[in-house]
Structures are given as C-alpha cells and as structure tokens.
Amino acid sequence: MPDYTIQSVSTYDARYPLPPGAGSDSIHATAEYCFAVTYLKTDGGPHGTGIVLTLGQGNQVVLKAIELLSERLIGMSVEALMADFGRFSRELADHPSLRWLGPHKGVVHLALASITNACFDLWAKIRGVPLWKLLADLTPEQLVKLLDLSYLEEVLREEDALILFRANLAGRSDRERILKSGYPGYDTSVGWMAYDDDKVRDLTNRAMGQGFSAFKLKVGSADESRDLRRVEMLRTMIGDSSTLMVDANQHWDLPTALRMCGELVKFRPLWIEEPTHPDDVSAHVALARAVVPVKIAAGEHIANRVLFKNFLQAEALHYIQVDCTRVAGVSEFITVSLLAKKYGLPVVPHVGDMGQIHQHLVLFNHVAMDHEAAFLEHIPHLRDHFVHPAQVEGGIYVTPQEPGASSDLKA
C-alpha cells in the first residue's frame, strides 16, 4: 500500500454567484455560495481537497483559521495520520489559543472541517477508491480510531462504538445492494423563499418529471399567510403520495413557531426543519411534543457532537441533519451518526457540500451501520464547478466510482 507525506497546505477562496432567488430563505438572502477550500499536496502523489460552505465575506475568515490550524500537517505521513485521526482531530480542536474562539464551533470548527475533509479525500485517493468504499472496508477497530469521542463518555465510549460497528457487520451483503440501485434524493431547489409561485410550480413539475417524489419548501416569510398558501399549493401539486417538508431556517421564536407549526401540520409535512434558534434545546423539545405526528428536523447549524448529544438525550429531534461541512468534517459526521444509531433516529444530512461528500457518507451509514436509506438532499446549483459532480438520475444518487470524496473543484 503506497504512503505519501504531506508537503504543503494551501487554501482557496471559492465564490460562486447563484441565479436570482436561488439559495434564499427566511434568514439568508445572499446570492453567493462560497467554499473555504483546503488543498493538501503530497510528495509526488495525489492531492487532497476539503471544502466547507460559507456565505460571502465569511469565507476569508475561515481561510485564515485553516492556515493557522493546518501547520502541523506538513511533513506528516498520510497513513500514520489516518491511523489515529481521532486523536489528531482532538488536538487540533483543542488548539491552545484558537479553542477560545469556540470551543468546537463557529469559524475554527469550520476550518477543522475543511482540513478533515481534505485528509479523507487524500486518503481515499491514495488508496485508489471512492470515500464510501474506503470507509466501508475499514474494520470496526480502524473506524473507531478515526473518531474523537471526548465529552460523550456517558453515552458513547470507544467500546460502545466498537459494539455498534460490530453488531452491524451481519447483513451487510444485503445492504450493499444499494450500491447498484443508488441512494434516493429529495429536491430542495424547487422551493427557495424568493421564488414566486409560478416558478415554484414550474420547478416542481420539472422535478416530478425527473423522478423526484420528495420536495422541500422554505417558510418563515414576513407574511405568514404566504407561507401557508404556498405549502398548500405544493401539497396539492405533488399529491398525497409524495413527500413534503418545510424549512423555517431558524426564523421563528418559540411562540411563533408553536403557532405556525400548528397551522402547518394540516398539510402533513414529513418534517418541519429548523423551526427556531439552533441552540435552543428546550424550545425544540416543546415543538417536538406539539407537532406529533409531524417530525422536527435540524442539524444544519448544530455545530458539534456534544450539542447533538444534548438534542438526542432531550428527545428534541426526529431527523438528524448533521453536515460534514458544519461539524468537524467526515470523522465527526460518523460520530454523530453513531449517536443517532444508538438513539434509533435516521440521519438525513444537510448538504453544505451540495451532496458531493455526503453521497459517500450516507452509503457508508447504510452499509456499515444499517441506517435507514431515507433520502439525501439535492441542490444542483454548483454541480458545474465540480470535477466529478454528483450524478442524480430519476431522483436517485448514482453511486460514485472515482477515487476520493468527490470534492475536487475545477480551476
């Protein structure tokens, strides 16, 4: 097995203007998606690319943190690094001065995510396999060494993680059939906040024609009647046999969320996403109890495994939307997926990477952990900027075959 040494680390400020109205929600009106990119160069071998999503000027702040955090990588053997990546990740997260800025959240944690994602992309390329296969071929013992389980000791110790991985070795051959059939997707891009009704209708019709049967609509506008009218419109369009989700992007305070969720449940959404502030565990508990049988989903802005632990312990969420470009990259995504498995909840990631890395991670979750193959969010706006864009056919993610994490960007 070849090994390479990391010779240098560089960053790139990638910014992509969006079409009018795309990407808009109740909080974020920017028309620009950005990636804070980490490049790892080796001594004659492949390079690694890591990405995290930001919006506009925030990108340059994350890039500076990447530069500061990544200095220790230079001169390291990739195989030695990944053999004990959990320990290394914890050391970076506990940087003696940068930790103060979090801890384990915000700019510094986003920087750690970009670095981590680059490490996993590089490792998969060195081994000549797509990321999903790299992870699926590791032993339970090797997988656990990738993870930082600190602050989870009362619910998920190292031996607990080993038990979970080993328990799901059985039945893998049956679950591997998904590698041929592909992973189901759902369409977010039909329902951006700034789209008028005609555009929502047109895009929904197109998406149904492309094979999608699950759709998400943004809510939380200043005019609450507009939200209710548009949700009713979309439900009527797609019918009772298709799946509808709504996403408030944290806009409502708790009294407003309780009132609006009470109105929205009559349209039978599968979930109501980010109904209030992402740090407010008790508000999510109240909402989760109030909207039964509709579910509460969140994770786009839940920054780390410790916060997810708190939400799970409090029974505040039903769908875990952990994002490897929000938590500390691929390794913390796996940790949160283990937590979700222990608590019996599905993982349906938010895709700050536009689904590029997550298409690998949901396959790993299903094959190695027996997570439900629910569906994966699909946002197509940046696909032309990737060297190997995610392929979605008939509403299904086609299993990627190229080595790496599908995160390489065109020049």
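**Figure 1. Burial across the protein chain.** Of the 411 residues in the protein chain, 59% are buried (under 20% relative accessible area, with exposed meaning over 50% and partly exposed in between; 1.4 Å probe, protein chains only). This is a predicted model, where local features need pLDDT of at least 70, side-chain atom pairs count only at pLDDT 80 or more, and totals for chains, interfaces and linings use all residues. Residues are numbered from 1 along each chain as its sequence is written, and side-chain values use heavy atoms, leaving out hydrogens and water.

**Figure 2. Overall fold and dimensions.** Here you can pick out 16 helices and 12 strands in the protein chain (DSSP runs numbered from the N terminus: H or I of at least four residues for helices, E of at least two for strands). A compact globule of 411 residues would have a radius of gyration near 22 Å, so the 20 Å of the protein chain agrees (taken over C-alpha atoms; the rule is 2.2 Å times the number of residues to the power 0.38). Along the principal axes, the C-alpha atoms fill a box of roughly 60 × 45 × 45 Å.

**Figure 3. The buried side of helix 3.** Helix 3 spans residues 85–93, and its buried residues are Phe85, Gly86, Phe88, Ser89, Leu92 and Ala93. Why do they lie on the same side of helix 3? They cover an arc of only 165 degrees around the axis (from the directions between the helix axis and the C-beta atoms). Their cover includes helix 1 (58–69), helix 2 (78–83), helix 4 (106–127) and helix 15 (329–342), where contact means heavy atoms within 4.5 Å.
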